Amino acid sequence: MADTLGLTLDLLLAGLAVGSAAALSGVGLIVTYRATGVLNLAQGAQAMLIAYLLRELVVVRHWPLGLAAVCCLLVVAPALGVLLELAVFRPLQRRGAGPAETLVAAVGVFVLLIGAAVLIWGTTPFGDAPALAPATVLARPGGHPLRLDTLAQLAGVLLLTGTVALVTRHTGLGVRLRAVVDNRRLAALAGIDADRVSAGGWAFGSFTAGLVGVLLAPYLLLDPYGLPLLVLETMAVAVAARLRSLPVAVATGLVLGVLQSEFTRWRPPGQLLPLAQAMQANLFVVALLAAALLPWRGALGADRGIPVPRRGSAPAGAKAACLLLLLLPLWFRADDLRHALAVPALALVLLSTVVVTGYGGQVSLGQAGYAGIGGLGTALLLSGRVPGLPALPAVPALLLAVAAAVPFGLLTGWPAIRRRGLALALTTLAVGTALSRLVFEQPYATSGLDLAGGAVLPGGDRALYVLELVLLGAALLLVRNLHRGRLGRALTALADHQAAASAAGVDVPRLKLLLFMAGAGVAALGGALTTLAGQSFDPNAYDPVRGLLWFAAAVVAGVDSAAGAVAAAAALTALDTLAGVGVSAVVVGAGAVAIGRLPGGLAGLARARRAAPARTLTPLGRRIRARLPDGGPR
């Protein structure tokens, strides 16, 4: 009995440690959103960067822990937040950009910081991240010892949350904060320094992000992907609170942390055990999915999408350049051709973003999940792991996997009927994260896959590349037909103004379902080809971090540009192959951060070069435009 009680208390304290960090993450997200109107999707990357910096100062440069913590948390973290507000988000807010556009900028910051961390510290995980407070145990005679450091962490989170709640509700600062978020221009006319309020919100949000990273890093290996993804999952706390209620966020974080810890003792018999273990290890992901699928109310669920310039058509030069990029690998040597196999497959995944976001105006961050469904389905069919079916050859397995993946588009298409903008982006992100953690990374879904027999076509890699080109060509024709005629006009109306499109007779629910099912099929085709090219299923290829990188790349290239998707896929593959890991993330992240000054991405910039005089562009736009070939991609 005493052992059971002791284990329960140990698990309770461990859950409170993780739960209080998750609650702090939710508080930071809510305060930043309420002060700036921006959902700081980059919070996980900020947390990772500060955790890395603290380790660098303490472990590598041998600074005292207290001095290093003060420098990282009270100087660097707030300064990073203010820098992001000044350089990235203030220009967007001043021109009245909606939450969807600022979300793209936040994705760019996320990708950029991860790429920078990879370039500086590499991808090798570190297990020696310093703890902000050493473990302190209070021994009680005849009772279970108490972890004072965990209790102090919990008390600090509660004190910080209470202080923030009092300031925002009962002081003049709180009034000014709410005024800036409700109507920034009207608040400025009333004499409120909106820029200072926003900068303060970003400084506080960045401080909390850094504190979350420092608190969580000792509990896991420190690497550029794991910690950002873990903090991203704790977004469930803020989503459950609907980005409004601090008490709900704190309570949700603590409850989820304790439940996840206590559930480790639950071991159901038989085939339920692997599924139960997956749910236990990813309870925050389950909560994120559940909270995102619940009904949203208010402006958050009715935001406009990303504005896309729609002028002109693809110039012949751009089409010829993309065709050359795709045909050139046919003359490569065997080793180089193997690297080039990734280009058409990735182009299809990016093309799915063009379909959903570029043509339909629906912000989708979960296309990597559908690519993973296609890749895993192909691997299962090739290995004979599907009950009732023998091991299939490559082409039938691919086509059947894609056909099976199309209905999965309803996972996001059905909630999308009543959502747009930020609420839809959160829903798609939750679906993609849940697929990655609960399916792709679990042994019950991926064990026993043997692709050696069916993955190789009779002609080898060259025949596979030709097959990829044929399938990519078919997908491009499908996308072209989506954007033409009556259907194309309906999609344009949907992207421009959903309510007006509905009033004009467009069947918006059916059109959204069509968009997401088509996008799921195209993305699944890319994932299936990735599995064939690699002769294996790699779950890390479809994690949410990779999905955010792909989304940012599609937006930078021109989210309404099919040719831009092909060019972006070639550029990403070339950067990863020739320049090393992390370079592509830095390049794409920098482009996404600058998207506020380059509406429509590089394709929109190229169209602006032909359609408007030079004075209509910003100085940065003119400098970038001057380096582009005439016409540019579309």
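**Close-up views of a predicted model**

A search of the whole structure finds eight salt bridges, a salt bridge being a side-chain nitrogen of Lys or Arg within 4 Å of a carboxyl oxygen of Asp or Glu. The model is predicted: local features need pLDDT of at least 70, side-chain atom pairs count only at pLDDT 80 or more, and totals for chains, interfaces and linings use all residues. Residues are numbered from 1 along each chain as its sequence is written, and side-chain values use heavy atoms, with hydrogens and water left out.

**Figure 1. Overall content of the protein.** The protein has 30 helices and two strands; helices (H or I, at least four residues) and strands (E, at least two) are DSSP runs, numbered from the N terminus. Of the 634 residues, 56% are buried, where buried means under 20% relative accessible area, exposed over 50%, and partly exposed in between (1.4 Å probe, protein chains only). The accessible surface comes to about 26000 Å², and carbon and sulfur atoms account for 67% of that surface; accessible areas come from the Shrake-Rupley method with a 1.4 Å probe, and for residues only the protein chains shown count as cover. Among contacts (heavy atoms within 4.5 Å) between residues at least 6 apart in sequence, 79% join residues at least 24 apart.

**Figure 2. The salt bridge between R55 and D128.** The two side chains meet at 2.7 Å, N to O. R55 lies in helix α2 and D128 in the loop between α4 (99-121) and β1 (137-138), so the pair ties together parts that are 73 residues apart in sequence. R55 is buried, at 8% relative accessible area, whereas D128 is partly exposed, at 36%.

Figure 3. The side chains of E441 and R437 form a salt bridge with an N to O distance of 3.7 Å. E441 is partly exposed, with a relative accessible area of 33%, while R437 counts as buried at 15%. D507 pairs with R510, their closest N and O atoms being 3.5 Å apart; D507 is partly exposed at 40% relative accessibility and R510 is exposed at 61%. Salt bridges that share partners join E233, R437 and E441 into one network.

Figure 4. S206 belongs to helix α8 (residues 194-216) and is buried, with 1% relative accessibility. A polar atom of the S206 side chain lies 2.5 Å from the backbone oxygen of A77. Neighbours within four places in sequence aside, S206 is in contact with Q46, A77, P78, L80 and G81.

**Figure 5. N40 in the loop between α1 and α2.** The loop that holds N40 runs between α1 (2-36) and α2 (43-60). N40 is buried at 2% relative accessibility. N40 and L29 are eleven residues apart in sequence, and their C-alpha atoms are 6.3 Å apart.

**Figure 6. Helix α20.** Helix α20 (residues 421-440) has 20 residues and reaches 27 Å from its first C-alpha to its last, close to the expected 28 Å; the expected span is 1.5 Å times one less than the number of residues. In α20, 19 of the 20 residues are buried.

**Figure 7. A nonpolar surface patch.** V70, L74 and V75 make a patch of about 270 Å². Patches are made of residues with over 30% relative accessible area and no salt bridge, like charges being joined within 9 Å and nonpolar side chains (Val, Leu, Ile, Met, Phe, Trp, Tyr) within 5 Å. V75 is located in helix α3 (residues 65-94) and is partly exposed, at 48% relative accessible area.

How values were computed: Polar contact = N/O pair within 3.5 Å; in protein donor to acceptor, adjacent residues only side chain to side chain.
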